[in-house]
Amino acid sequence: MRNDKENIIVTLSFEFALEIINYSEAIKKMNRFEMASQIFRSGTSIGANIREAQNAESKADFIHKFKIAAKEVDELNYCLALCKHSEFYPTPSEELFQKLQSIHLIISKIISSSKRT
């Protein structure tokens, strides 16, 4: 299923992962290693699963990989919300939440349109 032309969700998720790496490093500098690690894993896993979907063996496999990415979005959103509302973590930027929401909407659209075809 691989298509080597520009793919907006692959690009967005890669750029977002770079921002998540920066945010998790800021948390790590505060010696909050567990949360930093969790945010790093879920935030970079979104793009990794989207990238894997580009090499899916079937449409079902493609959808499955995107569903995993959607779960990682939900997990990351929860962790970022915890950071936002806790006095012990740096508040994530509103832009980070907006980018995550954009990625979530695109993933949801890809899943729903892939099921229809």
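This is a guided tour of the structure above, one selection at a time.

The model is predicted, so local features are reported only at pLDDT of at least 70 and side-chain atom pairs only at pLDDT 80 or more, while totals for chains, interfaces and linings use all residues. Residues are numbered from 1 along each chain as its sequence is written, and side-chain values use heavy atoms, with hydrogens and water left out.

**The nonpolar core**

Begin with Ile39, Ile46, Phe66 and Ile107, which touch the most other members of the largest nonpolar core, a set of 30 residues. Such a core is a set of buried Ala, Val, Leu, Ile, Met, Phe, Trp, Tyr and Cys residues joined through side-chain atoms within 4.5 Å. Buried means under 20% relative accessible area, exposed over 50%, and partly exposed in between, with a 1.4 Å probe and protein chains only. Next, colour α1 (8–28), α2 (33–53), α3 (59–85) and α4 (94–116), the elements that give two or more residues to this core. The largest share, 10 residues, comes from α3. Helices (H or I, at least four residues) and strands (E, at least two) are DSSP runs, numbered from the N terminus.

**Helix α2**

Select α2 and centre the view on Ser45, where the helix bends by about 30°. The bend at a residue is the angle between axes fitted to the seven residues ending there and the seven starting there. The end C-alpha atoms of α2 are 30 Å apart, in agreement with the 30 Å that its 21 residues should span at 1.5 Å a residue. The expected span of a helix is 1.5 Å times one less than its number of residues. Ser45 is itself one of the buried residues of α2, which also include Met35, Ile39, Ile46, Asn49 and Ile50. Among the elements covering these buried residues are α1, α3 and α4.

**Phe62 and Phe66**

Move to α3 and show the side chains of Phe62 and Phe66, which are four residues apart in this helix and thus separated by about one helical turn. The structure holds one aromatic pair. The rings of Phe62 and Phe66 have their centres 4.9 Å apart and their planes at 50°, so the pair is tilted. Rings of Phe, Tyr and Trp (its six-membered ring) pair if their centres lie within 6.5 Å; planes under 30 degrees apart count as stacked, over 60 as edge-to-face and the rest as tilted. Phe62 is buried at 16% relative accessibility, and Phe66 is buried with a relative accessible area of 1%. Leaving aside neighbours within four places in sequence, Phe66 is in contact with Ile9, Ile50, Ala53, Gln54, Ile107, Ile110 and Ile111; contact means heavy atoms within 4.5 Å.

**Ala70**

Continue along α3 to Ala70, which counts as buried at 14% relative accessibility. Beyond its neighbours within four places in sequence, Ala70 is in contact with Ile107 and Ile111. The C-alpha atoms of Ala70 and Ile50, 20 residues apart along the chain, are separated by 9.6 Å.

**Cys79 and Cys83**

Now select Cys79 and Cys83. The sulfur of Cys79 is 7.0 Å from its closest cysteine sulfur, in Cys83, too far for a bond. The structure holds zero disulfides, a disulfide being a pair of cysteine sulfur atoms within 2.5 Å. Cys79 is buried at 6% relative accessibility, and Cys83 is buried at 0%.

**Asn31**

Finish at Asn31, in the loop between α1 and α2. Asn31 has a positive phi of about 65° although it is not a glycine, and it is exposed, with a relative accessible area of 55%.
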